[in-house]
Amino acid sequence: ISRVVLDDVDNPSEPMEEILLTIEQEFNNHNGGDIAFGDDGYLYIGMGDGGSGGDPNDRGQDTHHMLGAFLRIDVDGVSHPSPGYNIPSDNPFADNPKCAPDTNALDCPEIYAWGIRNPWRWSFDGETGTLWAADVGQNAYEEVNVIERGGNYGWRCYEGEDEYNTSGCDESGYIEPVTTYPRDQGRSITGGYVYRGDAIPALQGRYVFGDYITGRIWALRDGADGFVNDELIDTSYNISSFALGEDGELYFSDYGNGRIRRIIAGDSEASDEVPLLLSETGCMDPEDITQPAEGLIGYDLNAPFWSDGAAKDRQFALPAGGTIDISADGAWSFPAGTIALKHFRLGGKLIETRLMIRHPDGVWAGYTYEWDEAQTDAWRVRGGKRKTIDGQDWIYPTEGQCMECHTAVAGYTLGLETAQLNRDFRYPQTELTANQLFTLDTVGVFAKPLADPPEDLLALPDPTDTALSLDDRARSYLHTNCAQCHQTSGPTPSSMDLRFTTAFGDTETCDTIPASGDLGITGGRIIAPGSATTSLLVNRMSRRDIHGMPRIGSTLPDADGVTLVSAWIDALGGCP
C-alpha cells in the first residue's frame with residue numbers, strides 16, 4: 001500500500017512513492033479489490049486470502065497475518081518513513097505491535113474484520129457509511145456482506161451460509177452474508193454501490209451489484225425474511241467494476257468490450273430487435289428453412305469443440321464490403337455486422353442453432369434458437385433452457401452464458417482462426433473441395449492476402465488422428481476446449497495458458513499447485529507428469545458437477561477427450 005507525494009498538485013513532474021505497508025502472498029490470485037477512506041477518516045484496505053483454495057488455506061481465519069481480511073489504518077498527517085501509519089485505537093487488536101509482511105506471533109492490529117476470501121469489489125454507502133462488500137466464492141456460492149468492526153465472515157469454515165471446511169473452526173461467532181447466489185446464476189461476483197441517485201427512483205437505497213462471468217446485475221430489496229435479490233438485467237458483459245458518477249448515477253466497466261456503460265431506467269416500450277424466429281433473421285433459406293441462406297460461407301474445423309456428442313455445421317457472413325483482419329498469431333478480427341451460426345443435430349435432427357452477431361456498435365452478442373420437432377422453424381430461447389433429447393439433457397444457454405465461452409481474448413467467434421480453418425472443405429454450392437484459407441483468400445474475404453501459402457501456415461492437429469503425435473493431439477484438444485478462457489488475460493483466476501502455440505513449459509500447468517483447491521486429491525497438481533489420476537485437469541474434465549469443466553453448456557463428459565489427455569499426461573516424463 002503506497003502513498004504518492006506530488007511535488008505539484010496541478011502539474012506533477014517528480015512524484016515520489018512512499019510504501020506504507022507490504023503484504024506477502026504465496027499465490028498470484030485473490031489479491032482483493034479496492035482501498036477507500038471511510039467517514040471516520042481512516043484508510044480501509046480489502047485483502048484476499050492470498051490464493052490457492054480452501055484446503056489447506058487457513059489465512060482467512062488466521063489473524064496473525066493480514067490476508068483474508070479488511071484492514072484499517074490511520075495515514076492522515078502521519079510522517080514517512082516513521083511511523084508511516086498509525087493503528088486506530090478501536091481496531092480489534094489495536095494493542096499489538098504492527099505486523100510484518102508475512103506470519104506474525106500476535107494478531108495483526110491492522111485488521112478491522114476477517115474471514116474474507118476475495119473482496120471484489122466493496123464500497124461505502126455515502127448516506128449511512130455502511131461498508132458493503134462482495135466476496136467471491138469457492139465452488140458453490142457468491143456472497144454480499146456488510147462489514148463490521150471485529151466481524152468474522154467465515155471463510156474457509158463457511159462458503160456463503162454452508163459449511164465448507166470446518167476442521168478446527170469454532171462453532172459460532174461468524175457473521176452470515178446478507179445475501180448469496182448459487183453458481184448457476186453467476187461465478188464471480190462484482191460488488192457495486194448503494195444507489196442514491198435521482199434517475200432511477202425504484203433503486204433508491206438499494207445495493208446494486210453484478211457478476212463478472214454471467215453479466216447479470218441485481219439490486220437488493222428488503223424482504224420479510226431478509227434481503228431479496230431482484231435481477232435487473234441479464235447482460236452479455238464482463239462486469240469488472242461499478243462506479244458512481246458525480247451525478248450519483250451508476251456506471252460499470254464492460255471489461256470484455258472495453259466500454260464504460262451507464263445503468264438507466266428501463267423503458268417498458270423498448271423492443272428487442274433480434275427476431276424471435278430463426279426464419280426471420282435472414283440467415284436461413286426461405287425455400288428450405290434447414291439450409292443456410294445464400295451468401296453464408298460454410299466452414300469446418302481441424303479440432304472441433306466437444307458439444308455432448310452433437311453433430312455440427314457452421315457458417316458465417318460478412319457485411320457488404322467487410323473483410324477479415326488476420327493478426328500475426330493467426331487470430332481473426334471481424335467487422336461490425338458479421339454473423340456466425342452453428343447448428344447442432346442429435347439423431348440426425350436439428351435441435352439448436354446458435355447465432356453470434358457483432359452489432360453496429362462493435363459489441364458481440366450471442367443468441368440461441370430451439371428447433372421444433374417438425375423442423376419447420378426454430379424459436380429464440382431467452383433465459384436459457386434444459387431439455388431431454390434422445391435420452392440426454394441438452395442445455396440451451398442464456399445470452400450471458402454464450403459470452404462466458406465466446407471470450408474477448410479468444411476473438412468471440414471461436415473456431416474462426418487460421419490454424420483451425422487450414423484444411424480442406426467441400427463447398428455445397430459448387431460441390432468442390434478446396435483448402436478453406438486458399439478459397440477465402442481467393443474470393444477476397446481477407447483484408448490483406450495471406451502472408452504465406454496454407455501449406456506453410458500452422459494447422460491444428462486433429463485430436464482423433466492416431467497417426468499424429470500424442471503430444472500434438474492432446475495440446476490441440478486443450479486449445480479448442482479450454483484456451484478460450486485459459487490463456488493470458490483470460491477471464492479466470494488461473495494463470496494457465498493452454499493455447500497450442502504456447503510452449504508446454506510456459507503453460508503454468510506442469511507440477512503447478514491449483515489456485516482453486518486440490519478437490520481432496522493428495523498431491524494434486526494441475527498437471528502431474530506421469531499421473532493423470534492426480535492431475536486436476538483430468539479430474540475436472542471427467543465430471544459435470546460444480547467442480548467440472550466446462551462449467552456451463554455441457555452435461556456429458558467427453559470420454560474420448562479424457563482418455564486422450566490422460567494418456568498424454570501419463571506419458572509425460574516430467575516438466576520442461
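Buried means under 20% relative accessible area, exposed means over 50%, and partly exposed lies in between, with a 1.4 Å probe and protein chains only. The model is predicted, so local features need pLDDT of at least 70 and side-chain atom pairs count only at pLDDT 80 or more, while totals for chains, interfaces and linings use all residues. Residues are numbered from 1 along each chain as its sequence is written, and side-chain values use heavy atoms, with hydrogens and water left out.

**Exercise 1. Find which residues of helix 6 are buried, and what covers them.**

Step 1. Helices (H or I, at least four residues) and strands (E, at least two) are DSSP runs, numbered from the N terminus. Helix 6 covers residues 559-571, and its end C-alpha atoms are 18 Å apart, which agrees with the span of 18 Å that its 13 residues should have at 1.5 Å a residue. The expected span is 1.5 Å times one less than the number of residues.

Step 2. The buried residues of helix 6 are Gly-561, Val-562, Leu-564, Val-565, Ser-566, Trp-568 and Ile-569.

Step 3. Their cover includes helix 4 (470-482) and helix 5 (536-541).

**Exercise 2. Locate the partners of the salt bridges made by Arg-3, Asp-125 and Glu-373, and state how far apart in sequence the partners are.**

Step 1. A salt bridge is a side-chain nitrogen of Lys or Arg within 4 Å of a carboxyl oxygen of Asp or Glu. A search of the whole structure finds 28 salt bridges.

Step 2. Arg-3 meets Glu-18 in a salt bridge with an N to O distance of 3.0 Å. This pair links distant parts of the chain, with Arg-3 in strand 1 and Glu-18 in strand 2, 15 residues apart. Arg-3 is partly exposed at 22% relative accessibility, whereas Glu-18 is buried at 10%.

Step 3. Asp-125 pairs with Arg-196, and their closest N and O atoms are 2.6 Å apart. Asp-125 lies in the loop between strand 7 (119-124) and strand 8 (131-135), and Arg-196 in the loop between strand 13 (189-194) and strand 14 (207-211), so the pair ties together parts that are 71 residues apart in sequence. Asp-125 is buried at 4% relative accessibility, and Arg-196 is partly exposed at 30%.

Step 4. Glu-373 pairs with Lys-349, with the closest N and O atoms 2.8 Å apart. Glu-373 sits in the loop between strand 28 (364-371) and strand 29 (378-381), and Lys-349 in strand 27 (residues 349-358), 24 residues apart. Glu-373 is exposed, with a relative accessible area of 64%, while Lys-349 is partly exposed at 30%.

**Exercise 3. Identify the backbone features of Arg-156, Pro-550, Asp-308 and Gln-375, and place each residue in the chain.**

Step 1. Most residues other than glycine have a negative phi, and most peptide bonds are trans.

Step 2. A cis peptide bond, with omega about 10 degrees, joins Trp-155 and Arg-156, and Arg-156 is in the loop between strand 9 (141-147) and strand 10 (158-159). The bond from Met-549 to Pro-550 is also cis, with omega near 0 degrees, and Pro-550 is in the loop between helix 5 and helix 6.

Step 3. Asp-308, which is not a glycine, has a positive phi of about 55 degrees; Asp-308 lies in the loop between strand 22 (297-299) and strand 23 (311-317) and is buried at 3% relative accessibility. Gln-375 has a positive phi near 60 degrees, is placed in the loop between strand 28 and strand 29, and is buried, with a relative accessible area of 17%.

Definitions and conventions: Contact means heavy atoms within 4.5 Å.
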